Amino acid sequence: MVVLSRQAVTEQLSSIIKNYKSPSSFFPCNIPLIDISNPESKNQLVKACEEFGFFKVVNHGVPMEFITKLELEAIKFFSSPMSEKEKTGPLDPFGYGNKKIGPNGDVGWVEYILLSTNSEFNYQKFASILGVNPKDIRDAVNDYVLAMKKMACEILEMLAEGLKIHPKNVFSKLLMDEKSDSLFRLNHYPPCPDEFQEYNGRNLIGFGEHTDPQIISLLRSNNTSGLQISLVDGHWISVPPDQNSFFINVGDSLQVMTNGRFKSVKHRVLANSVKSRLSMIYFGGPPLSEKIAPLASLLIKGDQDSLYKEFTWFEYKNSAYKSRLADNRLVLFEKVV
(Lines give C-alpha, C1' and ligand atoms only; values in the text may rest on other atoms or scores of the structure.)
Protein backbone atom coordinates (compact mmCIF):
# COMPACT_ATOMS: atom_id res chain seq x y z
CA MET A 1 0.00 0.00 0.00
CA VAL A 2 1.12 3.58 -0.67
CA VAL A 3 2.01 5.39 2.57
CA LEU A 4 1.56 9.15 2.60
CA SER A 5 3.69 11.45 4.73
CA ARG A 6 2.01 13.36 7.53
CA GLN A 7 2.48 16.58 5.56
CA ALA A 8 0.85 15.07 2.47
CA VAL A 9 -2.12 13.81 4.48
CA THR A 10 -2.51 17.21 6.14
CA GLU A 11 -2.50 18.96 2.75
CA GLN A 12 -5.17 16.58 1.43
CA LEU A 13 -7.32 17.11 4.52
CA SER A 14 -7.03 20.88 4.19
CA SER A 15 -8.29 20.60 0.62
CA ILE A 16 -11.16 18.32 1.63
CA ILE A 17 -12.58 20.58 4.33
CA LYS A 18 -11.93 24.05 2.97
CA ASN A 19 -15.15 24.19 0.97
CA TYR A 20 -17.49 22.87 3.67
CA LYS A 21 -19.20 24.48 6.63
CA SER A 22 -19.02 22.99 10.09
CA PRO A 23 -21.84 20.48 10.58
CA SER A 24 -24.94 21.84 12.26
CA SER A 25 -26.47 20.10 15.23
CA PHE A 26 -27.59 16.51 14.70
CA PHE A 27 -31.12 15.69 15.80
CA PRO A 28 -32.44 12.23 16.59
CA CYS A 29 -35.22 11.25 14.23
CA ASN A 30 -36.96 8.07 13.18
CA ILE A 31 -36.11 7.22 9.58
CA PRO A 32 -39.23 5.81 7.86
CA LEU A 33 -39.02 2.00 7.79
CA ILE A 34 -41.11 0.35 5.09
CA ASP A 35 -41.85 -3.29 4.28
CA ILE A 36 -42.08 -3.25 0.49
CA SER A 37 -43.31 -6.84 0.37
CA ASN A 38 -46.64 -5.46 1.63
CA PRO A 39 -48.70 -3.95 -1.22
CA GLU A 40 -50.46 -1.73 1.32
CA SER A 41 -47.19 0.10 2.00
CA LYS A 42 -47.75 2.44 -0.93
CA ASN A 43 -49.23 5.17 1.26
CA GLN A 44 -46.30 4.93 3.67
CA LEU A 45 -43.94 5.29 0.71
CA VAL A 46 -45.72 8.44 -0.47
CA LYS A 47 -45.62 9.96 3.02
CA ALA A 48 -41.90 9.19 3.39
CA CYS A 49 -41.14 10.83 0.04
CA GLU A 50 -43.15 13.91 0.99
CA GLU A 51 -41.72 14.37 4.47
CA PHE A 52 -38.15 13.07 4.14
CA GLY A 53 -37.35 12.19 0.54
CA PHE A 54 -35.65 9.21 2.15
CA PHE A 55 -36.61 5.89 3.70
CA LYS A 56 -35.34 2.44 4.63
CA VAL A 57 -36.79 -0.71 3.08
CA VAL A 58 -36.93 -4.24 4.46
CA ASN A 59 -38.19 -7.52 2.96
CA HIS A 60 -36.75 -6.30 -0.32
CA GLY A 61 -36.19 -9.73 -1.83
CA VAL A 62 -32.63 -9.06 -3.00
CA PRO A 63 -30.61 -12.29 -2.62
CA MET A 64 -27.89 -11.91 0.03
CA GLU A 65 -25.52 -13.82 -2.25
CA PHE A 66 -25.64 -10.91 -4.74
CA ILE A 67 -24.75 -8.45 -2.00
CA THR A 68 -22.01 -10.60 -0.46
CA LYS A 69 -20.45 -11.45 -3.82
CA LEU A 70 -20.18 -7.82 -4.88
CA GLU A 71 -18.94 -6.68 -1.49
CA LEU A 72 -16.13 -9.26 -1.57
CA GLU A 73 -15.08 -8.15 -5.06
CA ALA A 74 -15.14 -4.50 -3.95
CA ILE A 75 -13.02 -5.26 -0.88
CA LYS A 76 -10.45 -7.06 -3.04
CA PHE A 77 -10.24 -4.06 -5.33
CA PHE A 78 -10.07 -1.32 -2.72
CA SER A 79 -7.53 -3.29 -0.64
CA SER A 80 -5.09 -3.27 -3.56
CA PRO A 81 -2.08 -0.91 -3.73
CA MET A 82 -2.91 2.57 -4.99
CA SER A 83 -0.51 2.15 -7.92
CA GLU A 84 -2.60 -0.78 -9.18
CA LYS A 85 -5.97 0.85 -8.60
CA GLU A 86 -4.92 3.94 -10.52
CA LYS A 87 -4.40 1.80 -13.62
CA THR A 88 -8.20 1.46 -13.83
CA GLY A 89 -8.53 5.24 -14.11
CA PRO A 90 -8.65 8.08 -14.83
CA LEU A 91 -12.40 8.60 -15.08
CA ASP A 92 -13.50 8.83 -18.72
CA PRO A 93 -16.14 9.49 -17.29
CA PHE A 94 -16.26 5.97 -15.82
CA GLY A 95 -13.62 4.02 -13.92
CA TYR A 96 -11.67 4.65 -10.72
CA GLY A 97 -11.54 7.92 -8.82
CA ASN A 98 -9.78 8.97 -5.63
CA LYS A 99 -10.51 12.07 -3.49
CA LYS A 100 -11.63 14.16 -6.48
CA ILE A 101 -15.44 14.24 -6.93
CA GLY A 102 -16.50 15.71 -10.25
CA PRO A 103 -14.66 18.31 -12.35
CA ASN A 104 -15.35 21.44 -10.31
CA GLY A 105 -13.11 21.23 -7.26
CA ASP A 106 -15.12 19.02 -4.90
CA VAL A 107 -13.03 16.53 -2.92
CA GLY A 108 -13.67 14.05 -0.13
CA TRP A 109 -12.12 11.29 1.99
CA VAL A 110 -13.31 8.67 -0.52
CA GLU A 111 -12.25 6.46 -3.40
CA TYR A 112 -14.74 4.95 -5.80
CA ILE A 113 -15.61 3.07 -8.97
CA LEU A 114 -18.21 4.71 -11.24
CA LEU A 115 -19.94 2.61 -13.90
CA SER A 116 -22.71 3.04 -16.47
CA THR A 117 -25.41 0.37 -16.37
CA ASN A 118 -26.34 0.53 -20.06
CA SER A 119 -22.97 0.43 -21.82
CA GLU A 120 -20.19 -2.09 -21.79
CA PHE A 121 -17.49 -0.90 -19.41
CA ASN A 122 -14.04 -2.29 -20.13
CA TYR A 123 -13.65 -4.57 -17.11
CA GLN A 124 -10.27 -5.66 -18.45
CA LYS A 125 -8.98 -2.55 -16.69
CA PHE A 126 -9.18 -4.65 -13.52
CA ALA A 127 -6.94 -7.40 -14.94
CA SER A 128 -3.79 -5.72 -13.65
CA ILE A 129 -4.92 -5.97 -10.03
CA LEU A 130 -3.71 -9.04 -8.17
CA GLY A 131 -6.58 -11.25 -7.03
CA VAL A 132 -9.24 -9.38 -9.03
CA ASN A 133 -10.78 -11.31 -11.92
CA PRO A 134 -12.46 -8.97 -14.46
CA LYS A 135 -15.21 -11.51 -15.23
CA ASP A 136 -15.97 -12.05 -11.54
CA ILE A 137 -16.41 -8.35 -10.81
CA ARG A 138 -18.42 -7.82 -14.01
CA ASP A 139 -20.80 -10.67 -13.15
CA ALA A 140 -21.14 -9.45 -9.56
CA VAL A 141 -21.99 -5.92 -10.71
CA ASN A 142 -24.46 -7.13 -13.35
CA ASP A 143 -26.35 -9.41 -10.93
CA TYR A 144 -26.54 -6.70 -8.30
CA VAL A 145 -27.59 -3.94 -10.71
CA LEU A 146 -30.38 -6.09 -12.18
CA ALA A 147 -31.72 -6.69 -8.66
CA MET A 148 -31.54 -2.95 -7.90
CA LYS A 149 -33.35 -2.05 -11.11
CA LYS A 150 -36.12 -4.52 -10.27
CA MET A 151 -36.54 -3.15 -6.74
CA ALA A 152 -36.42 0.47 -7.96
CA CYS A 153 -39.20 -0.23 -10.47
CA GLU A 154 -41.33 -1.95 -7.82
CA ILE A 155 -40.97 1.04 -5.50
CA LEU A 156 -41.71 3.55 -8.26
CA GLU A 157 -44.85 1.65 -9.27
CA MET A 158 -46.03 1.53 -5.67
CA LEU A 159 -45.45 5.30 -5.46
CA ALA A 160 -47.49 5.85 -8.63
CA GLU A 161 -50.32 3.78 -7.15
CA GLY A 162 -50.09 5.74 -3.91
CA LEU A 163 -50.41 8.98 -5.90
CA LYS A 164 -53.30 7.44 -7.90
CA ILE A 165 -51.44 7.96 -11.18
CA HIS A 166 -52.24 5.85 -14.23
CA PRO A 167 -50.56 3.99 -15.74
CA LYS A 168 -48.57 2.85 -12.76
CA ASN A 169 -45.37 2.49 -14.81
CA VAL A 170 -45.20 6.24 -15.47
CA PHE A 171 -41.92 6.42 -13.49
CA SER A 172 -40.61 2.86 -13.79
CA LYS A 173 -40.77 2.80 -17.60
CA LEU A 174 -37.97 5.36 -17.66
CA LEU A 175 -35.65 2.93 -15.87
CA MET A 176 -36.83 0.00 -17.98
CA ASP A 177 -36.11 1.85 -21.22
CA GLU A 178 -33.09 0.33 -22.97
CA LYS A 179 -31.65 3.85 -23.23
CA SER A 180 -32.05 4.54 -19.50
CA ASP A 181 -29.10 6.65 -18.35
CA SER A 182 -28.56 4.91 -15.02
CA LEU A 183 -25.31 4.70 -13.04
CA PHE A 184 -23.76 2.44 -10.45
CA ARG A 185 -21.18 3.54 -7.90
CA LEU A 186 -19.03 1.72 -5.34
CA ASN A 187 -17.72 4.09 -2.65
CA HIS A 188 -14.96 3.20 -0.20
CA TYR A 189 -14.28 5.51 2.74
CA PRO A 190 -10.98 4.46 4.39
CA PRO A 191 -10.57 4.98 8.14
CA CYS A 192 -9.41 8.50 8.88
CA PRO A 193 -6.69 8.92 11.56
CA ASP A 194 -8.02 10.15 14.91
CA GLU A 195 -5.81 13.22 14.88
CA PHE A 196 -7.50 14.40 11.69
CA GLN A 197 -11.11 13.52 12.54
CA GLU A 198 -11.71 16.92 14.09
CA TYR A 199 -9.49 18.89 11.76
CA ASN A 200 -9.55 22.62 12.56
CA GLY A 201 -12.68 21.98 14.64
CA ARG A 202 -14.64 20.57 11.72
CA ASN A 203 -15.79 17.04 11.01
CA LEU A 204 -13.96 15.62 8.03
CA ILE A 205 -16.16 15.17 4.98
CA GLY A 206 -16.14 11.81 3.22
CA PHE A 207 -18.59 12.92 0.53
CA GLY A 208 -19.98 16.46 0.59
CA GLU A 209 -23.63 17.44 0.89
CA HIS A 210 -25.64 17.08 -2.30
CA THR A 211 -28.83 15.81 -3.85
CA ASP A 212 -28.94 13.12 -6.54
CA PRO A 213 -30.06 14.45 -9.94
CA GLN A 214 -31.64 11.19 -11.15
CA ILE A 215 -35.12 9.79 -10.40
CA ILE A 216 -34.30 7.45 -7.52
CA SER A 217 -31.21 6.12 -5.73
CA LEU A 218 -30.87 2.80 -3.90
CA LEU A 219 -28.07 2.60 -1.36
CA ARG A 220 -26.67 -0.28 0.64
CA SER A 221 -23.63 -0.05 2.92
CA ASN A 222 -21.75 -2.15 5.43
CA ASN A 223 -22.29 -1.59 9.16
CA THR A 224 -20.11 1.51 9.39
CA SER A 225 -21.80 4.81 10.24
CA GLY A 226 -21.30 8.10 8.43
CA LEU A 227 -24.38 8.75 6.30
CA GLN A 228 -26.44 11.80 7.22
CA ILE A 229 -29.52 13.42 5.69
CA SER A 230 -30.82 16.95 5.99
CA LEU A 231 -34.35 17.53 7.22
CA VAL A 232 -36.64 20.16 5.71
CA ASP A 233 -35.68 22.59 8.50
CA GLY A 234 -31.98 22.23 7.64
CA HIS A 235 -30.97 20.08 10.60
CA TRP A 236 -28.78 17.07 9.87
CA ILE A 237 -29.55 13.63 11.27
CA SER A 238 -27.31 10.55 11.29
CA VAL A 239 -28.67 7.42 9.63
CA PRO A 240 -27.88 4.25 11.63
CA PRO A 241 -26.21 1.73 9.30
CA ASP A 242 -27.94 -1.55 8.45
CA GLN A 243 -26.15 -3.90 6.07
CA ASN A 244 -29.27 -6.03 5.58
CA SER A 245 -31.54 -3.22 4.36
CA PHE A 246 -31.57 -0.60 1.64
CA PHE A 247 -31.93 3.16 1.88
CA ILE A 248 -33.85 4.98 -0.84
CA ASN A 249 -33.33 8.60 -1.93
CA VAL A 250 -35.76 10.71 -3.94
CA GLY A 251 -33.80 12.36 -6.77
CA ASP A 252 -34.18 15.81 -8.32
CA SER A 253 -36.00 14.42 -11.38
CA LEU A 254 -38.67 12.74 -9.25
CA GLN A 255 -39.13 15.97 -7.29
CA VAL A 256 -39.82 17.76 -10.57
CA MET A 257 -42.15 15.05 -11.91
CA THR A 258 -44.23 15.25 -8.71
CA ASN A 259 -44.13 19.09 -8.89
CA GLY A 260 -42.28 19.36 -5.60
CA ARG A 261 -44.58 17.02 -3.68
CA PHE A 262 -41.71 14.57 -3.21
CA LYS A 263 -38.50 16.05 -1.81
CA SER A 264 -35.05 15.36 -3.24
CA VAL A 265 -33.08 14.73 -0.06
CA LYS A 266 -29.78 16.46 0.66
CA HIS A 267 -27.28 13.98 2.12
CA ARG A 268 -23.58 13.58 2.92
CA VAL A 269 -21.08 11.18 4.46
CA LEU A 270 -18.71 11.98 7.33
CA ALA A 271 -15.40 10.15 7.67
CA ASN A 272 -15.02 7.40 10.28
CA SER A 273 -11.85 7.13 12.36
CA VAL A 274 -12.05 3.41 13.09
CA LYS A 275 -13.63 1.40 10.29
CA SER A 276 -13.84 1.49 6.51
CA ARG A 277 -17.24 2.28 5.04
CA LEU A 278 -18.25 0.56 1.81
CA SER A 279 -21.39 1.62 0.00
CA MET A 280 -23.07 0.56 -3.23
CA ILE A 281 -25.44 2.97 -4.96
CA TYR A 282 -27.70 2.45 -7.97
CA PHE A 283 -28.86 5.71 -9.56
CA GLY A 284 -31.96 5.15 -11.68
CA GLY A 285 -32.06 7.72 -14.46
CA PRO A 286 -34.21 8.37 -17.55
CA PRO A 287 -33.03 8.30 -21.19
CA LEU A 288 -31.01 11.38 -22.18
CA SER A 289 -33.75 12.58 -24.54
CA GLU A 290 -36.56 12.19 -21.96
CA LYS A 291 -38.48 15.38 -21.19
CA ILE A 292 -38.74 16.00 -17.45
CA ALA A 293 -41.68 18.07 -16.21
CA PRO A 294 -44.44 17.88 -13.59
CA LEU A 295 -47.00 15.21 -14.48
CA ALA A 296 -50.23 16.72 -15.80
CA SER A 297 -52.29 14.47 -13.54
CA LEU A 298 -50.75 16.15 -10.48
CA LEU A 299 -51.50 19.70 -11.63
CA ILE A 300 -54.91 20.97 -10.47
CA LYS A 301 -55.00 24.04 -12.72
CA GLY A 302 -52.87 22.70 -15.52
CA ASP A 303 -49.53 24.22 -16.55
CA GLN A 304 -50.04 27.36 -14.45
CA ASP A 305 -49.58 25.22 -11.34
CA SER A 306 -46.24 23.88 -12.54
CA LEU A 307 -43.27 24.92 -10.40
CA TYR A 308 -40.71 23.87 -13.00
CA LYS A 309 -39.89 24.48 -16.64
CA GLU A 310 -39.74 21.44 -18.89
CA PHE A 311 -36.24 20.19 -19.67
CA THR A 312 -34.59 17.08 -21.04
CA TRP A 313 -32.51 14.81 -18.84
CA PHE A 314 -29.55 15.63 -21.11
CA GLU A 315 -29.97 19.36 -20.35
CA TYR A 316 -30.25 18.81 -16.62
CA LYS A 317 -27.34 16.37 -16.52
CA ASN A 318 -25.13 18.88 -18.35
CA SER A 319 -26.15 21.62 -15.94
CA ALA A 320 -25.46 19.40 -12.92
CA TYR A 321 -22.05 18.44 -14.33
CA LYS A 322 -21.06 22.12 -14.35
CA SER A 323 -22.12 22.72 -10.74
CA ARG A 324 -20.57 22.10 -7.33
CA LEU A 325 -21.88 19.28 -5.14
CA ALA A 326 -23.72 21.55 -2.68
CA ASP A 327 -25.32 23.76 -5.34
CA ASN A 328 -29.11 23.87 -5.70
CA ARG A 329 -29.22 22.62 -9.28
CA LEU A 330 -32.99 22.81 -9.62
CA VAL A 331 -33.16 26.56 -9.02
CA LEU A 332 -32.15 27.17 -12.65
CA PHE A 333 -35.21 25.23 -13.81
CA GLU A 334 -37.79 26.71 -11.45
CA LYS A 335 -40.52 28.89 -12.92
CA VAL A 336 -40.45 32.54 -11.88
CA VAL A 337 -43.70 33.38 -10.13
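These are my notebook entries on a predicted model of one protein chain.

**Entry 1: the chain as a whole**

I began with the secondary structure and found nine helices and 16 strands. I then looked up burial: of the 337 residues, 53% are buried.

**Entry 2: strand β2**

I turned to strand β2, residues 54-58. Four of its five residues are buried, so the strand is largely enclosed by the rest of the structure. Which strands pair with β2? I found that β1, residues 33-35, pairs with β2 in the parallel sense over three bridges. In this pairing, Asp35 lies opposite Val58 of β2. Strand β12, residues 246-250, runs antiparallel to β2 and is joined to it by four bridges. Here I noted Val57 opposite Phe246 of β12.

**Entry 3: Asp181**

Where is Asp181 placed? I located Asp181 in the loop between α6 (172-176) and β5 (183-189). Is Asp181 buried or exposed? Its relative accessible area is 9%, which is under the 20% limit, and therefore I class Asp181 as buried. I next looked up its side chain, which makes a polar contact of 2.8 Å with the side chain of Trp313. Leaving aside neighbours within four places in sequence, I listed the residues in contact with Asp181: Asn118, Gly285, Pro286, Pro287, Leu288, Trp313 and Lys317.

Terms used: Residues numbered from 1 in each chain as written. Predicted model: local features only at pLDDT ≥ 70, side-chain atom pairs only at ≥ 80, totals over all residues. Heavy atoms only, no water. Helix = DSSP H or I, 4+ residues; strand = E, 2+ residues; numbered from the N terminus. Buried < 20%, exposed > 50% of the residue type's maximum accessible area, 1.4 Å probe, protein only. Polar contact = N/O pair within 3.5 Å; in protein donor to acceptor, adjacent residues only side chain to side chain. Contact = heavy atoms within 4.5 Å. Pairing = 2+ DSSP bridges.
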